[in-house]
Amino acid sequence: MTKTILLKNRPEGKPSISDFEFVTEEADLKINQGEIILETIYVSVDPYLRGRMSDAKSYVPSFQLNKPIQSGVIAKVIASKNNNFTEGDFVSGMLDWKTQQVSTGEGLLKVDGSKVPLSAYLGILGMTGLTAYLGLNQIGKPKAGETLVVSGAAGAVGSIVGQIGKILGLNVIGIAGTDEKIEMLKNKFGFDAGINYNTSKDISADIKKAAPNGVDIYFDNVGGPISDAVLFNINKFARMVICGAISVYNNTEIPKSISVQPFLVRNSALMQGFIISNYAEKFPEAMKHLSGWLAEGKLTYTETIVDGFDTIPNAFIDLFEGKNKGKMIVKI
Ligand code: NAP
């Protein structure tokens, strides 16, 4: 039997399990010349999928109702009539939330699980690692001795941003949602300081305490009031790297935030959003650094791996509750 997860409803506010439909069918996959059959091994769940579940205009097309949801997947080739793939190969790519599927192989990359676990290709050696490296370097333009603040710091992107910041000689402050995550930032990932935004009485004052010389780079994964608090602490020529805004992805009304313009003018500061695909030509360079630092032990990572195909929607919803540390992945 094969299982598939379809988008049943466009979520209103926070997604719920009833927005997804599970379909089980007889496994009767046949392939033509040039095609392969894939068996899903790991599925990546990511906050940006929330945007694709709505029908608002965006940089990627919306998912269609009653069609399979897609995300980053690691799969095993179990049958091949394509000269580029052999049975037993592992591949990474954007694939359907299905236990098995037919593919032409287009857009798939072969991955090697002999030196790093295959799941790493969905995180540190995948989209989130590239996002951390390229967002920080291309927009943040870090210089040793500067101060970097990272929100969503204990997640897949944020935990790598902070570590790269340390490698590059920055003073790094992470903002995350639990004391356990703050301990992890400092003890496992080498951040200089951490702020728990759920218990802080004044996030702006706590940033000031941790960064008495002000903030030169802000890597923003969350938006909303946390990012407002950072604005009060930015330095002249600060760079704000707008990677994501998870705190407002489920909003049903336009979020109310403070006006950023006076802060930008007063500090000659830059605020720039980006999409990782903007930097596709730089992926090889980024990958070289990420895999090199990983092999040298300068970078490390953590994953929250949950088991079972049926848990995919819940794992996705849990991102909005902060249930993950590092990359959230479902093992099939
Ligand atoms: P992640 O950080 O691993 O997971 C999401 C985390 O967000 C949760 O663990 C939670 O941690 C935090 N969070 C959830 N609701 C929040 C809220 N209301 N306020 C503050 N924090 C909240 O996810 P990721 O894959 O690394 O993605 C991080 C951000 O980068 C997302 O906004 C994503 O859309 C964006 N992104 C952008 C690109 C791009 O190309 N621009 C690429 C990849 C990812 P706490 O416990 O700390 O709350």
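How exposed is Glu 321 in terms of relative accessible area? Glu 321 is partly exposed, at 43%; by relative accessible area (1.4 Å probe, protein chains only), buried means under 20%, exposed over 50% and partly exposed in between. The model is predicted: local features need pLDDT of at least 70 and side-chain atom pairs pLDDT 80 or more, whereas totals for chains, interfaces and linings use all residues. Residues are numbered from 1 along each chain as its sequence is written, and side-chain values use heavy atoms, without hydrogens and water.

**View 1. Salt bridge between Glu 321 and Lys 14.** The two side chains meet at 2.4 Å, N to O; a salt bridge is a side-chain nitrogen of Lys or Arg within 4 Å of a carboxyl oxygen of Asp or Glu. Glu 321 lies in the loop between helix H9 (312–318) and strand E15 (327–331), and Lys 14 in the loop between strand E1 (2–7) and strand E2 (20–25), so the pair ties together parts that are 307 residues apart in sequence. Helices (H or I, at least four residues) and strands (E, at least two) are DSSP runs numbered from the N terminus. Lys 14 is partly exposed, with a relative accessible area of 39%.

**View 2. Interface of domain 1 and domain 2.** An automatic or database assignment sets the domain bounds, giving domain 1 (2–123 + 302–331) and domain 2 (127–277). The contact, meaning heavy atoms within 4.5 Å, takes 19 residues from domain 1 and 17 residues from domain 2. About 1,400 Å² is buried between the domains, with 63% given by carbon and sulfur atoms; this is the accessible area (1.4 Å probe) that two parts lose on being put together, summed over both. One salt bridge is found across the interface. Lys 325 and Glu 180 form a salt bridge through their side chains at 2.8 Å, N to O.

View 3. Lys 30 and Asp 28 meet at 2.9 Å, N to O, and both residues are exposed. Lys 323 pairs with Asp 318 at 3.5 Å, N to O; Lys 323 is exposed, with a relative accessible area of 55%.
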